[in-house]
Amino acid sequence: MTPTTPAATRTDIARALGLRPGDRVCLIGSGGKSTLMSALAGCFPSLPVLLGTTTKIFAPSPQSYRAFLDQTAAEDLLCAWAGKKQAPEPGIYLACGRAISSGSGQAAPTAKPAAPSMQEMHWFREARNNAQALPPGACTKSVDEAMAAYKLLPLPYKMYENLSGHDGPFRLLLLEADGSRMLPLKGWGPQEPVVPDFTTATIGVIPVHLLGRPLDSRHVHRWPVFKELSGLREGQALRADHLAAVISGSCGLFAHARGRKILFFSQIEDAAALDQAGRIVDALPPETLANLDCIVAGSARYGRAIRMQSADTSGPPQSARTANAIQEGV
């Protein structure tokens, strides 16, 4: 990744997003939230970092975090913190209100929940979007039940607040605060996403790889809502201005955001993808650009990012400034 202009800067992904100790961060949107959350947690190896959710998430790999905290374990930790300010050891911790592991019912307290295999995740995805992918005798309800076996639910939001921040035992809180049913794009219902009022930064995640492709309900969660929000017509190829409308709309990506508002274009792994992100930025209204603290394009998988110039609407279009910013891939 070789920046060639001041408008795009190669940097650590957490630094590009402007995250700092004491932050309580909500990740919203679609197409890469879990991967980004995991990558950001690994950017602070000297700190205790807490992961959680305000909705429902799949259990991550048990190898990806140090310990699992259910509500009882979290309450015990808070008592220890209140008495002796005894902080956890540095590392990544996962805190959820309930964990159900496949085939075993309620998980034992503090036991690491089972994570679905890649084969199971593929089956869930196919079965959710294609009835013909269901095995004989299966139905959508059975798919939902199978998926629920790996779902984690939130702790009470006040507990997340007490566990984190400058006065809590965990110096960084990362919450997955939106769901997209494993689909790359979505429209939002009136109560979505679920961003608590203690949030200091909201990261809106949007993938760009579907630009130029006709979309339908196989690609988009809440397809009718997305069509209305984006202005996309049935059978029409997705354009940059459609995604710009999704980002900037009054019922769009940042409608319920709190704290610093950060736009993250995910899965940016080559110059073509970066150029697509730049074209979306070109289409954003000036008032949206002014309301965003920063815009970042990057690859959470590789932990690399480019911070894009967001508020300056003067000069050449953003795509012209960034099209050549990467010469050997992000």
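Which ring does the charged end of Lys-112 sit over? Select Tyr-65: the charged end of Lys-112 is 4.7 Å from its ring centre. A charge sits over a ring if NZ of Lys or CZ of Arg is within 6 Å of the ring centre and within 35 degrees of the ring normal.

A note before moving on. This is a predicted model, where local features need pLDDT of at least 70, side-chain atom pairs count only at pLDDT 80 or more, and totals for chains, interfaces and linings use all residues. Residues are numbered from 1 along each chain as its sequence is written, and side-chain values use heavy atoms, with hydrogens and water left out.

Next, select Phe-58 and Lys-151. The charged end of Lys-151 sits over the Phe-58 ring, 4.4 Å from its centre.

Now the ring pairs. The whole structure holds two aromatic pairs (Phe, Tyr or six-membered Trp rings with centres within 6.5 Å; planes under 30 degrees apart are stacked, over 60 edge-to-face, the rest tilted). Select Tyr-93 and Phe-170. Their ring centres are 5.2 Å apart and their planes at 65°, so this pair is edge-to-face. Tyr-93 is in strand β6 (residues 91-95), and Phe-170 is in the loop between α6 (157-163) and β10 (172-176), 77 residues apart. Helices (H or I, at least four residues) and strands (E, at least two) are DSSP runs, numbered from the N terminus.

Last stop: Trp-223 and Phe-226. With centres 6.4 Å apart and planes at 20°, the pair is stacked. These residues are three apart in helix α7 (residues 223-230), about one helical turn. Trp-223 is buried at 9% relative accessible area; Phe-226 is buried at 0%.

Notes:
Buried means under 20% relative accessible area, exposed over 50%, partly exposed in between (1.4 Å probe, protein chains only).
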